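Hi,

Here is the structure I promised to pass on. Have a look at it first, then read my notes below.

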Amino acid sequence: MLSLSVNVQRLITQLSVPVAVTSVRKTCVSYQIELPAFVSAELAGDPVDQIYADLASHLDVCVICLSEYEALADLTASALADEDLL
Amino acid sequence: MLKSDLLDTLAFDYARCCQCVRQYLTAQGWQLADPLELASQIWQDLSAPLPSESTAVKAIQTQVWQRYAVFLHENCRQPGSDRCEQAWTELYRWLRQQAHRFTADRDEQDSLVQLAISDLQARLEQSPLKAPRALWAYALQTMRAKMIDEHRRRTAVMRGDGLELSLEEISAGQSGPAESDWEEHISDHETSERSVEDHVANEQVRQQLRDFFRTHLATDLQLRVAEEHFLNGLSPQEIARLLGKKPHEIRMIKARIVQTLHHLPPEAHRKLLDILGLPPGEDLC
């Protein structure tokens with residue numbers, strides 16, 4: 001039950017944040033610097049939602065950082081964990 | 001069951017581990033580390049139960065790219081040594097191998113890799129990466145940034161949502177509503193977290209949230225992800241394993257769910273407030 005509460009509380013916090021649609025905020029720059037570490041940790045199976053809780057939460061509410069994340073996660077997964085490399 | 005017993009049943013032994021390591025290193029063009037030494041370290045450290053051959057192979061490969069990134073990062077930061085030069089050559093070749101993901105034009109690929117390598121050399125000369133195992137992702141991010149810079153230089157404008165926006169404006173960042181609002185909202189909500197926790201630990205609320213998601217989420221996959229994450233407390237990685245998808249695919253879906261909930265019509269918005277047990281008048285956004 002506790003984890004349910006944690007995720008719902010996080011949702012409430014996220015819903016309280018104005019969504020960034022067309023501009024990069026100062027905080028976004030610092031989050032984007034962290035993205036390679038985040039993406040690598042996620043690919044390695046680490047619990048990134050706990051280790052990088054702020055960044056994980058930010059990705060839910062910032063479409064620009066989410067788009068950066070998606071691009072980098074796709075690139076990294078294709079380069080390091082592609083089926084062809086198996 | 002001991003690790004060795006488990007792996008024996010999978011016919012996954014040290015020899016197979018060495019084969020996987022060698023195969024992955026070859027596919028990536030990584031030649032600086034001794035495959036046997038690397039395989040031996042990985043084999044010793046494999047502790048998690050490996051339920052299948054494919055899981056075992058994945059786990060080994062994940063270990064290889066992480067360890068090799070640390071190894072390469074270390075060598076790239078020893079200027080003057082032969083190893084350093086070899087390390088940069090290898091990183092260059094690896095990026096060259098990845099460049100087709102950014103552009104089909106071979107000349108552009110060459111230029112992109114050169115720019116990225118210069119940037120990386122300057123960066124690593126300054127200081128080490130905080131997370132050396134992220135070297136690959138960092139290098140890819142650098143190359144992507146160079147590609148965007150190049151695109152900006154050529155076009156100076158891009159389109160978004162039907163509006164023509166200057167890139168300078170975008171990168172300068174019009175922050176919109178005060179950035180500090182976020183922190184304030186977070187602390188505003190801290191006091192009500194305990195009551196929320198109590199409130200959601202209730203089957204009735206779970207059912208209401210489930211019904212709400214069913215009404216307002218667009219696809220079955222969004223609904224499944226919402227239920228697993230918000231109702232069952234699973235992380236995106238756990239959901240990805242459950243659904244046989246990549247973690248970032250689930251994270252994207254989860255983000256879209258949050259964005260959908262962010263843009264609910266006022267009536268639905270109020271209903272969500274009620275379900276979440278927030279006091280009347282406490283607006284979310």
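**What I found**

Leaving out residues up to four places away in sequence, Ala137(B) touches Pro36(A), Val39(A), Ser40(A), Leu72(A) and Thr76(A); two residues are in contact if their C-beta atoms, placed from the backbone, lie within 7 Å. Before you go on: this is a predicted model, where local features need pLDDT of at least 70, side-chain atom pairs count only at pLDDT 80 or more, and totals for chains, interfaces and linings use all residues. Residues are numbered from 1 along each chain as its sequence is written, while chains are lettered from A and ligands numbered from 1 in the order in which they are written.

Back to Ala137(B), which sits in helix α7 (residues 135–155) of chain B. Helices (H or I, at least four residues) and strands (E, at least two) are DSSP runs, numbered from the N terminus. Is Ala137(B) buried or exposed? It counts as buried because it has 28 C-beta neighbours inside 10 Å. The cut-offs: buried takes 20 or more other C-beta atoms within 10 Å of the residue's own, exposed 12 or fewer, and partly exposed is in between, with C-beta atoms placed from the backbone.

Now for chain A: it has 5 helices and 0 strands. Of its 86 residues, 51% are buried.

Next, have a look at helix α3 (residues 35–45) of chain B, where Leu38(B), Ala39(B) and Ile42(B) are buried. Looking down the axis of α3(B), those buried residues fall within an arc of 100°, so they line one face of the helix. (The arc is that of the directions from the helix axis to the C-beta atoms.) Leu36(B), Glu37(B) and Gln44(B), on the other side of α3(B), are exposed. The cover over the buried residues of α3(B) includes α2 (14–28) and α4 (53–76) of chain B.

Finally, a pair of helices from the two chains. The axes of helix α4 (residues 53–61) of chain A and helix α13 (residues 247–262) of chain B come within 7 Å and cross at roughly 60°. Axes are lines fitted to C-alpha atoms, for helices over the stretch in contact, and angles run from 0 to 180 degrees between N-to-C directions. In this pair, Leu59(A), Asp60(A) and Val61(A) meet Arg251(B), Lys254(B), Ala255(B) and Val258(B).

Cheers
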